[in-house]
Amino acid sequence: MDIEAEDISGEDILPLLHKPGGQGLAESLIGAGFYIDDPEDVATIVSLDLRIRAVQLRTIDGLPRKCPLTSGYVLLTPALMSAISSLRTPTDLEHDRMRQKVAAFGFRARIEEDDLPGLIAAIEAAQAYRLPWREDRFEGIRLARKYGSAREEARLAAAWLEGAQNPPPGDLVIALVSGLQDSGKIMEALSHTDLVARKANGLDGEETRILLVQRGSLWLDRYELAHDPDYLDRARQCAKRSWAIAPSDACSDLYNRLRKLEN
């Protein structure tokens, strides 16, 4: 919750209303501006019913309206800022700092409280170009996929890769390739799959199998853009090598896609 902003979400206000002293905040809400989607379409809060977590509004046309407090945003006034500040604890302030750091990295979704520490740890490792432990990498990528887009996933993995020794961890390369491919950065993703062609690649059998499927899929992406039949041959070689290690649904999907493009 950033009280230096111009507004605050109803979701952030609601837990404060239930704290000791929350009545003062409830009173400060009366007369404040409230909007749902458009900051230009502001209504005035006339009353608050905490039992059903709803606000009674008066629209700019003078019409009454009721909606959930958590469905929109309240424009901050000096009285509201004072009431909010009086209710916020050091824990609240620390959560604010973490949420601001998460938002600055590019995550726009609201992060669940239990997930904040793990996502912050992943971001701080990325900002320091430090490679997290394997379990922490898995958790960071899981949270990036839960709350962000492929762009944030790739950004985390690329920064961690800067802190990795050579050869890099296979799980990290797989995560990076996935994020880059889903972001549409085909050539960059394909370059990282070159790891499977190196003798001392540090990959185990499972990582090799997965990375080969990714590489084959990227060659098909290139074929769809350039229609060079050589790309189909390269994709098929990747599929053969992956299947020889162990059959998988992902490799089967790669073969199916290859057949459709060949026809």
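This note covers strand pairing, a charged patch and salt bridges in a predicted model.

1. Ground rules. In this predicted model, local features need pLDDT of at least 70 and side-chain atom pairs count only at pLDDT 80 or more, while totals for chains, interfaces and linings use all residues. Residues are numbered from 1 along each chain as its sequence is written, and side-chain values use heavy atoms, with hydrogens and water left out.

2. Strands β2 and β3. Strand β2 spans residues 33–35 and strand β3 residues 43–49. They run antiparallel, joined by two bridges. Gly33 has Thr44 in β3 as its bridge partner. Strands here are DSSP runs of E, at least two residues; helices are runs of H or I, at least four residues; both are numbered from the N terminus. Two strands pair if DSSP finds at least two bridges between them.

3. Strand β4 covers residues 54–58. Five bridges pair β4 with β3 in the antiparallel sense. Ile45 stands opposite Leu57 in β4. Four residues lie between the two strands of this hairpin. In the turn, Arg53 has a positive phi of about 55°.

4. A negative patch. Asp37, Asp38, Glu40, Asp41 and Asp61 form a negative surface patch. Patch residues have over 30% relative accessible area and no salt bridge, with like charges joined within 9 Å. Asp38 sits in the loop between β2 and β3. Asp38 counts as partly exposed because its relative accessibility is 37%. The classes are buried, under 20% relative accessible area; exposed, over 50%; and partly exposed, in between (1.4 Å probe, protein chains only).

5. Salt bridges overall. The whole structure holds 23 salt bridges. Each needs a side-chain nitrogen of Lys or Arg within 4 Å of a carboxyl oxygen of Asp or Glu. One network links Glu112, Asp115, Glu139, Arg142 and Lys146.

6. Arg51 with Asp49. Their side chains meet in a salt bridge at 3.0 Å, N to O. Arg51 counts as exposed because its relative accessible area is 75%.

7. Arg134 with Asp171. The closest N and O atoms of this salt bridge are 3.1 Å apart. The pair links distant parts of the chain, 37 residues apart: Arg134 is in helix α6 (residues 134–147) and Asp171 in helix α8 (residues 170–182). Arg134 is partly exposed, at 37% relative accessibility. Asp171 is buried, at 10%.

8. Arg151 with Glu152. What is the N to O distance in the salt bridge of Arg151 and Glu152? It is 2.6 Å. Arg151 is partly exposed, at 47% relative accessibility. Glu152 is buried, at 3%.

Conventions. Patch = residues over 30% accessible without salt bridge, like charges linked within 9 Å, V, L, I, M, F, W, Y side chains within 5 Å. Areas by Shrake-Rupley, 256 points an atom, 1.4 Å probe, with all protein chains shown as cover. Lys, Arg positive; Asp, Glu negative; His and termini not counted. Charge placed at Lys NZ, Arg CZ, Asp CG, Glu CD.
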